[in-house]
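Subject: Structure handover and notes

Hello,

The structure I promised is pasted below. My notes on it come after.

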Amino acid sequence: MSVVVIVGAQWGDEGKGKVVDLLTERVQVVARWGGGANAGHTIVVGGKKHVTHLIPSGILRSGVTCVLGEGMVIDPQTLLSEIRTFRGAGFMSRDSDLVVSGRAHVTMPHHADMDRLREQHPEAIGSTKRGIGPTYESKAARTGVRVGDLLRPERFRKALTRDVESVAPTLERLGAPVPDLARLEKDFLAIGDQLRPFVKDASRFLHEQIRAGKNVLFEGAQGVLLDIDHGTYPFVTSSSTTAGGACAGLGVGPTVVDSVLGIVKAYATRVGRGPFPTELDDNVGQRLREVGAEFGSTTGRPRRCGWLDIPALRLATRLSGIDALALTKLDVLAGLDPIRLCVAYRLGTQTLDELPLDPDDLAAVEPIYEDMPGWDSQGPVSREEDLPPAARRYVARISELVGLPFALISMGPGREETLLKRDPFRPADGAQAGGGAV
Ligand code: IMP
C-alpha cells in the first residue's frame, strides 16, 4: 500500500494530468483536495484527447475511484457535464467510481459573476473567472453553500439566502445581476438530486481505503507557486496547492503520506499576471508556446513561456517536501540551441539560490543563466541511454541542481511516450529502467 501526493512544482500546467493517468495503472483511488473548475487537465489516451476540470485524471482507468475532497470548491453544473461526457465516452460506468464530498463548497453563479466583473479591473490578477476566489471567500465568511446542502431543500434555501445577503453589497457595487433565488433553488436542487448517488464523507472513505491497503494518489491542482500562503501572493489562487494542503483538504493526517512527486515541465509557463523572472518575450518564447501548445485548457489563454527556473523549483520542492521529480514536455525543447537554465538569481550584490517571496525582491531579481547545448528532434525512447546525449545532460543537470532524482520523463502527450524510471507505487522492486513506456 502506498499513498503518493502529486503536485505541480511550478505555476501550474506542468502536465500533471498525464502523469496521474499513467501512474493510476496500479492505483485504486485518486483524490483531489483543492481548487475547482479553474484546473484543466488534458490527457491523451489512444490518440483521443480528454479534458477534465473537476474530476481527477484517474477517471480514465477502470477500477479507479475518483474523489472530490472537502477542500474543493465545486461548480455542480460543470461537474454534471463532466460526468455526462465521461459516461458518454465509456468511462465511469458505476456510480461508485466517483465520490463527492458533501462538505466541499459550491460555486454559485454569483461567485462566477463576482470573479468575472472583478477581472475587468486593470489591476486584476488574471484569474480563470471560474468563481474560485469568491467561493472561498464565502467559505471563510461562514456563509457558503456546501454540496450536502443541495440534497436538503430547506437547508439549501437558508444557506443560499444567507450567502446572497452577505455578498449583496459587493454584487451591487460590481453591477452584477441580482440572483434569482427561486430559479436558483429550482435548478440547484435538481442538480443536487442528480449528484446524490456520489455524495459521501470523502475523508472517511479515504481513511477506509487506506486502512484496507489500497494504493491512493492525491492529485494536486495548479502549482505550488500559486499557493495562497506560500506562493507569489497576490498573484496566486485561493487554495493550498502545496503537498501539505492535501492533508488539510482531504481530512487525512500527514503520517499516511509515503512520498511526494513533483511534476516539472522542461521549461516554465505561467498564465495570468504575476512575477516570472525567466519569461521570454521573444521568438523563443513564441516557439515554446506554439510547439508546446501552451494555451490554457480552461480559458484558452496563451500561456507566458520562459526558461526553466531552478530557484523557483528549489522553493517548490522545499515547500512541498518533494522527494522525486517527473519531467514533462522534454520533446518541446528539441531544436533549440542553446537551452538556457536559470541556476540562481542576482539581487543587488547578493546571489539567491531560491525564489524570494518578498514582492519587491522578486520584482528586482535577475536570472543567472547557464547555457546548455541543445539537441535535434527526438522521438520517444524506452531507455534513458537512448536519449540524445545533450538531453541527458540537461536532465542530469536539473537533477543535480535541485538535489532530487527523476522518477519519470515524458516526451509527448501519449501514455506510451514516457520513460518510467521508478514507479512510486512500486518502491520495493525499485528501478524499472528502460522498457518503462507504459
Ligand atoms: P483563480 O484560481 O481562477 O482564482 O486564478 C488565480 C491565478 O491562478 C491566476 O493567475 C490563474 O491563471 C492561476 N490558475 C488557476 N488555476 C490554474 C491552473 O490550473 N493552471 C495554471 N494557472 C492556474
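The notes cover the ligand site, the salt bridges and then some backbone details.

This is a predicted model, in which local features need pLDDT of at least 70 and side-chain atom pairs count only at pLDDT 80 or more, while totals for chains, interfaces and linings use all residues. Residues are numbered from 1 along each chain as its sequence is written, and side-chain values use heavy atoms, with hydrogens and water left out.

Ligand site

The shell around the ligand has 15 residues, and D13, N38, T128, T237 and R301 come nearest. A residue is near a molecule or strand if one of its heavy atoms lies within 4 Å of it. By class, the shell divides into 6 nonpolar, 7 polar and 2 charged residues.

Some side chains are in polar range of the ligand. A polar contact is a pair of N or O atoms within 3.5 Å; within protein, one must be able to donate a hydrogen and the other to accept it, and residues adjacent in sequence count only if both atoms are side-chain atoms.

- D13: an N or O atom of the side chain is 3.1 Å from a nitrogen atom of the ligand.
- T128: a polar side-chain atom lies 2.5 Å from an oxygen atom of the ligand.
- R301: a polar side-chain atom lies 3.0 Å from an oxygen atom of the ligand.

On its own the ligand has 470 Å² of accessible area, and the protein covers 96% of that. Accessible areas come from the Shrake-Rupley method with a 1.4 Å probe; for residues, only the protein chains shown count as cover.

Salt bridges

The whole structure holds 28 salt bridges, each defined as a side-chain nitrogen of Lys or Arg within 4 Å of a carboxyl oxygen of Asp or Glu. In the notes below, buried means under 20% relative accessible area, exposed over 50%, and partly exposed in between (1.4 Å probe, protein chains only). Helices (H or I, at least four residues) and strands (E, at least two) are DSSP runs, numbered from the N terminus.

R157 and E185 form one of these bridges, with the closest N and O atoms 2.6 Å apart. The pair links distant parts of the chain, 28 residues apart: R157 is in helix α5 (residues 153-174) and E185 in helix α6 (residues 181-195). R157 is partly exposed at 31% relative accessible area, whereas E185 is buried at 18%.

E354 and R318 also meet in a salt bridge (2.8 Å, N to O). E354 sits in the loop between β17 (350-352) and α11 (359-364) and R318 in helix α10 (residues 310-320), so this bridge ties together parts that are 36 residues apart in sequence. E354 counts as partly exposed at 22% relative accessibility, and R318 is exposed at 51%.

A further bridge joins the side chains of E370 and R397 (2.6 Å, N to O). Here strand β18 (residues 366-372) supplies E370 and helix α12 (residues 389-402) supplies R397, so parts 27 residues apart in sequence are tied together. Both are partly exposed, E370 at 24% and R397 at 23%.

Salt bridges with shared partners also join D13, K265, E294, R303 and K329 into one network. D13 is the residue listed above with a side-chain atom 3.1 Å from a ligand nitrogen.

Backbone details

The peptide bond from Y233 to P234 is cis, with omega near 5°; P234 lies in the loop between β10 (216-219) and α8 (243-250). The bond from D337 to P338 is cis as well, with omega near 0°, and P338 is in the loop between β15 (324-328) and β16 (339-347).

M92 is not a glycine, yet has a positive phi of about 55°. M92 is in the loop between α2 (76-88) and β7 (98-101) and is buried, at 4% relative accessible area. R142, also not a glycine, has a positive phi near 60°; R142 lies in the loop between α4 (132-140) and α5 and counts as exposed at 69%.

Lastly, R415 is in the loop between β19 (406-410) and β20 (418-420) and counts as buried at 16% relative accessibility. The side chains of R415 and D21 are joined by a polar contact of 2.6 Å.

Regards

Notes:
Ala, Val, Leu, Ile, Met, Phe, Trp, Tyr, Cys and Pro count as nonpolar, Asp, Glu, Lys and Arg as charged, and the others, Gly among them, as polar.
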